[in-house]
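Please look through the structure shown here together with the briefing that follows it.

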Amino acid sequence: MAKREDYERRAEALLVPILDANGFELVDVEFVKEGGNRYLRAYIDKPGGITIDDCEVVSRSLSDRLDQEDFIEEAYILEVSSPGLGRPLKKERDFARSLGEEVEIHCFRAVDGRKEFDGILKAYDTGTVTIEENGDTERILERSNIALIRLAFDF
């Protein structure tokens, strides 16, 4: 297991009891390098949305637990935030909650000459995602080719 994956897994294990105690949901945890800095990011949610105060509560508790456990070797910046409007679908419950919703999909490799798709999420399983494009065409995409799938948003 890569160091990044181990950090994410261990941070998630510390987060879950904090989130459960506050009625929040874990959307994702990532440990990434951007520019010259490393970031440990936790994306959280709850019905009605996350507030800055919610992020602060989780950030303080998680920071204390991370200091106690001290398993991340590199210097990093901790960020706790909402997943935002374009929430990625990562976990089973994300897909289940989003059935019937409009999604945007970005693929690693082109499918029929395209890498980007949007449509209504009709079905999913461990290997595929099915969307309805333009209200009439079903397209099945391999999950192994999906770089990002998220809820679509229009302004």
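Lys3 lies in helix α1, where helices (H or I, at least four residues) and strands (E, at least two) are DSSP runs numbered from the N terminus. Lys3 is partly exposed, because its relative accessible area is 42%, and the terms used here are buried for under 20% relative accessible area, exposed for over 50%, and partly exposed in between, with a 1.4 Å probe and protein chains only. This is a predicted model, in which local features need pLDDT of at least 70 and side-chain atom pairs count only at pLDDT 80 or more, while totals for chains, interfaces and linings use all residues. Residues are numbered from 1 along each chain as its sequence is written, and side-chain values use heavy atoms, with hydrogens and water left out.

**Lys3 and its surroundings**

- Not counting residues up to four places away in sequence, Lys3 touches Glu73 and Glu74, where contact means heavy atoms within 4.5 Å.
- Lys3 and Phe153 are 150 residues apart in sequence, and their C-alpha atoms are 34 Å apart in space.

**Helix α1**

- Helix α1 covers residues 3-22, and its 20 residues should span 28 Å at 1.5 Å a residue, which agrees with the 29 Å between its end C-alpha atoms; the expected span of a helix is 1.5 Å times one less than its number of residues.
- At Leu15 in α1 there is a kink of about 30 degrees, shortly before the proline Pro17, and the bend at a residue is the angle between axes fitted to the seven residues ending there and the seven starting there.
- Which residues of α1 are buried? They are Asp6, Tyr7, Glu8, Ala11, Leu14, Leu15, Ile18 and Leu19.
- An α-helix has 3.6 residues a turn, so residues three or four places apart point the same way.
- The cover over the buried residues of α1 includes β1 (25-34), β2 (37-45) and α2.
- After α1 comes Gly23, whose phi is positive, near 75 degrees.

- Gly49 is found in the loop between β2 and α2, and with a relative accessible area of 27% Gly49 is partly exposed.
- Gly49 and Phe24 are 25 residues apart along the chain, and their C-alpha atoms are separated by 9.6 Å.
- Leaving aside neighbours within four places in sequence, Leu66 is in contact with Leu14, Leu40, Phe71, Ile72, Tyr76 and Leu78.
- Leu66 and Asp136 are 70 residues apart in sequence, and from C-alpha to C-alpha they are 49 Å apart in space.
- Asp67 also has its place in helix α2, which runs over residues 52-69, but Asp67 counts as exposed, because its relative accessibility is 55%.
- The C-alpha atoms of Asp67 and Asp45, which are 22 residues apart along the chain, are separated by 24 Å.

- Thr128 is found in strand β6, and at 18% relative accessibility Thr128 counts as buried.
- Not counting residues up to four places away in sequence, Thr128 touches Ile140, Leu141, Glu142 and Arg143.
- Asp112, in the loop between β4 (102-111) and β5 (114-124), has a phi near 50 degrees, a positive value in a residue other than glycine, and at 65% relative accessibility Asp112 counts as exposed.
- Asn134, in the loop between β6 (128-133) and β7 (137-142), has a positive phi of about 55 degrees although it is not a glycine, and at 76% relative accessibility Asn134 counts as exposed.

**The chain as a whole**

- The chain has three helices and eight strands, and along the sequence they follow the pattern α-β-β-α-β-α-β-β-β-β-β.
- The C-alpha trace spans about 55 × 35 × 30 Å along its principal axes, and buried residues make up 36% of the 155 residues in the chain.
- Among contacts between residues at least 6 apart in sequence, 52% join residues at least 24 apart.
- The chain has 22 positive and 35 negative side chains, with the centres of the two sets 4 Å apart; Lys and Arg count as positive and Asp and Glu as negative, while His and the chain ends are not counted, and the place of a charge is taken as NZ of Lys, CZ of Arg, CG of Asp or CD of Glu.
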